[in-house]
Amino acid sequence: MDTNTISKLFGKFASHSFPRWFQRIINRVYVRIFTIDLSDFAPAESYPTLNALFTRKLACQREIDPSGDALISPSDSLITEQGAIANNLALQIKGMSYPIDEFLGIQAGDADGFSYVNLYLSPSDYHRYHAPCDMEIIEARYFGGELLPVNFPSLRKNSNLFVRNERVVLVANTIPYNTRIYFVAVGALNVGKMTFHFDSRINTNATPDARDIYTYDTPICVKKGDELGYFQMGSTIVLVMQDSSLESLTNQKVRFGERIAHFGV
């Protein structure tokens, strides 16, 4: 059975509402297995499905770095790799590179000199993602593909994993700097869906070889910290940014709202 089918089946299980007493057991077991900290969220027994627990909303407001030049983490995640793109290559993990043009759907060399950062969301993390800065979304590109795991063993085993996996690429311009930024949500095993609030047409885990482009003649303006959508399980976000400098955060956990880079080089 391929990973896309497994993910669809798991999605059905996670979306099913079991009798309340049994659902409480499922939720509590999941929280215990993955050592989930629910201090910022509603208690485990309040969620009617496992998927509702996965996609839980914050119960309290997070502090957003207020600096005008700050790019914030769009999610609670682990920064697994970061750096500058050179010769059309970025790293999925140390020692394993992949072509950034195929990943983003651009011409080879167009992102050379840009910065990139990989943010891994584990099964225990908050699964909603937010705008890393004030920006105007001008296009969304859906690339159908595989749903390979994105954990460390899989990153080391599978070459070009980010290119092979399903993903949604948001193409945007930063405000007020008018530089290019790509926000990429990468699908993974058991990620049945990736939801984007601003466009319900983006239908993920659909056709593996799909290539859909949604262009916004009137750009979609979002503010730093605005919720863009959510994963229905853990996965990875890759940010690719023009004219920005990264904080040194490789292999460190970050929380949504914390500064991970700033404009200017």
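Okay, let's start with a hairpin: strand 8 and strand 9 form one, with five residues between them. Look at the turn, where Asn178 has a positive phi of about 60°. Keep in mind that this is a predicted model.

So how do strand 8 and strand 9 run, parallel or antiparallel? They're antiparallel, and seven bridges join strand 8, residues 167-174, to strand 9.

Now, strand 9 has another neighbor. Which strand do six bridges join to strand 9? That's strand 13, residues 236-241, and this pair runs antiparallel. Here you can look for Val184, which has Val238 in strand 13 as its bridge partner.

Okay, let's zoom out to the protein chain. How many helices and strands does it have? Six helices and 16 strands. The radius of gyration is 18 Å, close to the 18 Å from the globule rule for 265 residues, so the chain is as compact as a globular protein of that length. Along its principal axes, the C-alpha trace spans about 55 × 40 × 40 Å.

Buried residues make up 55% of the 265 in the chain. As for contacts with a separation of 6 or more, 76% of them come from residues 24 or more positions apart.

The accessible surface is about 11600 Å², with 51% belonging to carbon and sulfur atoms. There are 25 positive and 28 negative charges, and their mean positions are 9 Å apart.

Key:
Residues numbered from 1 in each chain as written. Predicted model: local features only at pLDDT ≥ 70, side-chain atom pairs only at ≥ 80, totals over all residues. Heavy atoms only, no water. Helix = DSSP H or I, 4+ residues; strand = E, 2+ residues; numbered from the N terminus. Rg over C-alpha atoms; globule rule 2.2 N^0.38 Å. Buried < 20%, exposed > 50% of the residue type's maximum accessible area, 1.4 Å probe, protein only. Contact = heavy atoms within 4.5 Å. Areas by Shrake-Rupley, 256 points an atom, 1.4 Å probe, with all protein chains shown as cover. Lys, Arg positive; Asp, Glu negative; His and termini not counted. Charge placed at Lys NZ, Arg CZ, Asp CG, Glu CD. Pairing = 2+ DSSP bridges.
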